[in-house]
Structures are given as C-alpha cells and as structure tokens.
Amino acid sequence: MTREAMIERLRETGLKITPQRLAIIDALVEQQPLHPSAMHVYREGRKRSKGLSLSTVYATLNDFSRHGLIKTLEFDQMENRYEVNMEEHVNLICSRCGKIVDYLSPVAVDQEIVAAKTGFRVLKTRMEYYGLCRDCLSAHPVPTTTNRKGGKNEKKIRNSQPEPAPPLLTTRTL
C-alpha cells in the first residue's frame with residue numbers, strides 16, 4: 001500500500017492526520033515489504049518526528065489495525081509484527097531468525113464458498129508456513145531423515161543447493 005492510499009484510508013476511517021501518524025505511515029510504507037516490529041517502526045518514525053513516543057507508536061499501530069489499514073501479526077514466541085500488504089498471501093516465517101517473507105499463493109480459499117457450505121462468515125484471514133529461510137539453511141544444515149532400502153532410517157544433511165526460490169515479494173530482514 002502506498003503512503004497516499006494509507007492517508008486516504010485514514011481520512012475514510014475518521015482518524016486525524018497528525019505528524020506522528022504520518023511518521024508511522026512513512027516508516028511502515030518505506031519498510032515495505034518487511035514486517036517491522038513496533039520498536040522498528042518507532043526507531044524509523046523518530047527520524048521524521050522527534051516527539052514520537054513508543055506508546056504513541058503502539059496506540060497508533062493498534063488503531064491502524066482495528067481500522068483495517070494494516071495487519072497485526074501476533075506471535076507467541078517473538079514480538080508482534082505489522083504489515084501493510086493487505087492482499088491474500090502466505091507469510092513464510094523462519095523459525096530460526098524470525099524473518100517473514102510474503103508469498104503470493106496462486107490458490108486462495110473463496111470465502112463465499114466457505115460461508116455457503118458452513119454458514120461461517122470469514123472476517124479476516126492469515127496464512128502462515130513455519131520453517132527455515134534460505135539464509136538459515138545455508139548457514140546451518142538441517143539433518144533430515146530419509147528411508148533407505150530395507151526400511152532403515154539414515155540421517156542425511158540437506159543443504160548443498162536449495163531448490164530455486166518461488167516468486168517472493170521480499171527477502172530482506174529487519
């Protein structure tokens with residue numbers, strides 16, 4: 001989402017356009033397609049608005065999320081992240097380094113079909129795959145178990161050359 005689109009959505013929701021909110025929007029848009037934490041947004045926002053406080057960042061990110069300007073990605077074992085990509089996609093989350101990469105999935109579940117079949121009205125979606133990113137696989141090979149003839153398991157190190165990457169939106173880290 002562009003800066004202008006976010007400001008327009010801000011107007012549509014009735015939220016005031018303040019220097020602090022503009023600094024946060026700039027930080028989010030410029031960090032796109034990253035999934036920054038509140039602390040990262042705060043550090044970037046302070047470069048534009050010296051009076052920006054961390055509590056203002058948290059409150060503003062919460063307001064933006066409640067009004068559908070951004071998505072909040074909540075996690076159990078790492079800090080929450082925020083994204084401005086509101087399109088249907090899968091978040092590929094590295095369990096080792098925490099990098100999050102957007103993957104445009106060619107198959108999406110039709111929410112109208114879900115509603116027709118189950119009576120369930122989908123309000124929001126979030127798809128995630130957890131695993132290891134290319135950088136972490138290259139740096140630290142992961143043992144995998146393969147089945148040999150005779151049914152015995154053999155540990156093999158899978159690392160040499162990763163398969164070609166699927167179409168990604170980003171491979172940058174925070």
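Figure 1. Strand β3 (residues 90-94) is mostly covered, with 4 of its 5 residues buried. Buried means under 20% relative accessible area, exposed means over 50%, and partly exposed lies in between (1.4 Å probe, protein chains only). Strands are DSSP runs of E with at least two residues, helices are runs of H or I with at least four, and both are numbered from the N terminus. This is a predicted model, in which local features need pLDDT of at least 70, side-chain atom pairs count only at pLDDT 80 or more, and totals for chains, interfaces and linings use all residues. Residues are numbered from 1 along each chain as its sequence is written, and side-chain values use heavy atoms, with hydrogens and water left out.

Which strand pairs with β3 in the antiparallel sense? Strand β4 (residues 100-103) does, over 4 bridges. Two strands pair if DSSP finds at least two bridges between them. V90 stands opposite Y103 of β4. I93 has I100 as its bridge partner in β4. The two strands form a hairpin with 5 residues between them. In the turn, G98 has a positive phi of about 85 degrees.

Strand β5 (residues 127-131) runs parallel to β3, and 5 bridges join them. Here C94 stands opposite G131.

**Figure 2. N91 in strand β3.** N91 has its place in strand β3. Is N91 buried or exposed? N91 is buried, at a relative accessible area of 2%. The side chains of N91 and H89 make a polar contact of 3.2 Å. A polar contact is a pair of N or O atoms within 3.5 Å; within protein, one must be able to donate a hydrogen and the other to accept it, and residues adjacent in sequence count only if both atoms are side-chain atoms. Leaving aside residues up to four places away in sequence, N91 touches H35, L73, E83, I100, V101, D102, M127, E128 and Y129. Touching here is contact, with heavy atoms within 4.5 Å.

Figure 3. A 1 Å grid is laid over the protein atoms alone. A cavity is a set of points where a 1.4 Å probe fits but cannot get out. A pocket is an open set with protein on both sides within 12 Å along at least five of seven lines. Lining residues have an atom within 4 Å of a point. Grid points are joined across faces, edges and corners, and a volume is the space filled by probe spheres set on the points.

By this rule there is 1 cavity of 30 Å³ or more. The largest cavity has a volume of about 40 Å³. Its lining is made of K71, E88, H89, N91, T125, R126 and M127.

The second largest pocket holds about 370 Å³ of space. Its lining has 15 residues, and I70, K71, M86, K124 and T125 lie nearest its centre. Which strand gives the most to this lining? Strand β1 (residues 71-73) does, with 3 residues.

Figure 4. Helix α1 (residues 3-13) has M6, I7 and L10 as its buried residues. Seen down the axis of α1, they fall within an arc of 100 degrees, so they line one face of the helix. The arc is that of the directions from the helix axis to the C-beta atoms. An α-helix has 3.6 residues a turn, so residues three or four places apart point the same way. The buried residues of α1 pack against α2 (19-30) and α4 (54-66). On the other side, E4, R11 and E12 are exposed. G14 follows α1 and has a positive phi, near 85 degrees.

**Figure 5. D63 in helix α4.** D63 is found in helix α4. D63 is buried, with a relative accessible area of 16%. Its side chain makes a polar contact of 3.4 Å with the side chain of R21. Not counting residues up to four places away in sequence, D63 touches L15 and R21.

**Figure 6. Helix α5 and its ends.** How many of the 8 residues of α5 (residues 111-118) are buried? The count is 0, and the helix is hardly covered. At the start of α5, a side-chain oxygen of D110 reaches to within 2.9 Å of the backbone nitrogen of E112. G119 follows α5, with a positive phi near 80 degrees.
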